[in-house]
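I opened the model today to look up a few things about the fold and some single residues. My entries follow in the order I made them.

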Amino acid sequence: MKFSIQSRNDSQSNELMGLAKNYLQDFGLILDELEPDIVISIGGDGTLLHAFHNHVKRLDKVAFVGIHTGHLGFYADWKPSELEKLVLCIAKNQYRVVEYPLLEVNVCNNSETTTYLALNEATIKSPSVTLVMDVFLNDRHFERFRGDGLCISTPSGSTAYNKALGGAIIHPTLRAIQITEMASINNRVFRTIGSSLVLPDHHTCTLKPVRTQEFTMTVDHIQLKHDELESIIFRVAKERVRFARFRPFPFWERVHDSFISNE
Ligand code: NAD
């Protein structure tokens, strides 16, 4: 089996990376940064997001697992003290793979479309002036959004930025995406739905800028650069992310331990 390791690059994560490489190679596993079967992320959730985007072209062939060197992460749920146990499970192939849905983001300009995949979310924000976007659901005009921005998240990303915005937490067995507002303007003149919308598989959400205006766009931790665009189309991606599970850790337990208490 081939493995690679993504480190957050702090001293603790790098030290663990060195240990993990030695242990795994002692068991006969091959270090392959380009085409691994399993990627071990050491750091935090952000490190796993980096690992995901580094291997986004071969998601069907790779499984991810995360060790947290800071606080318990949503994707990074193994403790540094469990490294040897984890290495043994990997070496003995003692894991199953669980798949979570992803968000597909299509940025369209003239006849060109650029496609991105998000593990957590995509955001559209205006740095200074009010963001004004027409929102279409399945090609039907739904509302004209005015406010700070919009966050479109995956079920596993629903516990990240989306949660901080007051969105719902969605179980990742549901193939869905969620649209959550950032400080929408609602008064007698302007109106948005106000609550988060959850779209099922095969439904689309399209955003179209109403006027020429500056806005920023992100996909997970990545800031996109598109000077001009006609529309952005969001849907549940056909691709999925694969996580290596070595022991049961049900989603609601993960939510409880991350946000309520892990004692
Ligand atoms: P990071 O790694 O420091 O992550 C920021 C925080 O978000 C960490 O506490 C991390 O554990 C948590 N997080 C990330 N993904 C999560 C998930 N799926 N469920 C629960 N918590 C999660 O920072 P980064 O490298 O900049 O990561 C980018 C991510 O940060 C974005 O995808 C976004 O979700 C998150 N973010 C959150 C806020 C907010 O909560 N107000 C604002 C901006 C970005």
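**Whole chain.** I began with contacts, meaning heavy atoms within 4.5 Å. Of the contacts in the chain with a separation of 6 or more, 72% are between residues 24 or more positions apart.

I noted the conditions next: this is a predicted model, in which local features need pLDDT of at least 70, side-chain atom pairs count only at pLDDT 80 or more, and totals for chains, interfaces and linings use all residues. Residues are numbered from 1 along each chain as its sequence is written, and side-chain values use heavy atoms, with hydrogens and water left out.

I listed five helices and 16 strands in the chain; these are DSSP runs numbered from the N terminus, helices being H or I with at least four residues and strands E with at least two. The radius of gyration is 20 Å, close to the 18 Å from the globule rule for 263 residues, so the chain is as compact as a globular protein of that length. That radius is taken over C-alpha atoms, and the rule is 2.2 Å times the number of residues to the power 0.38. The C-alpha trace spans about 65 × 45 × 35 Å along its principal axes.

I then looked up burial (buried is under 20% relative accessible area, exposed over 50%, partly exposed in between, with a 1.4 Å probe and protein chains only). Buried residues are 50% of the 263 in the chain.

**Helix H3.** Which residues of H3 are buried? In this helix, residues 83-91, I found Leu 83, Leu 86, Val 87, Cys 89 and Ile 90. Seen down the axis of H3, they fall within an arc of 160°, so they line one face of the helix; the arc is that of the directions from the helix axis to the C-beta atoms. They pack against helix H1 (11-26) and strands E3 (38-43), E4 (63-68) and E5 (76-78). After H3 comes Asn 93, with a positive phi near 60°.

**Val 132.** I found this residue in strand E9, residues 131-137. Val 132 has a relative accessible area of 3% and is buried. Beyond its neighbours within four places in sequence, Val 132 contacts Arg 144, Phe 145, Arg 146, Pro 209, Val 210, Arg 211 and Gln 213. C-alpha to C-alpha, Val 132 and Arg 144 are 6.9 Å apart, at 12 residues apart in sequence.

**Glu 228.** Is this residue buried or exposed? Glu 228 counts as exposed, because its relative accessibility is 61%. Glu 228 sits in the loop between strand E15 (222-224) and strand E16 (231-245). I also noted Thr 212, 16 residues from Glu 228 in sequence and 8.5 Å from Glu 228 in space, C-alpha to C-alpha.
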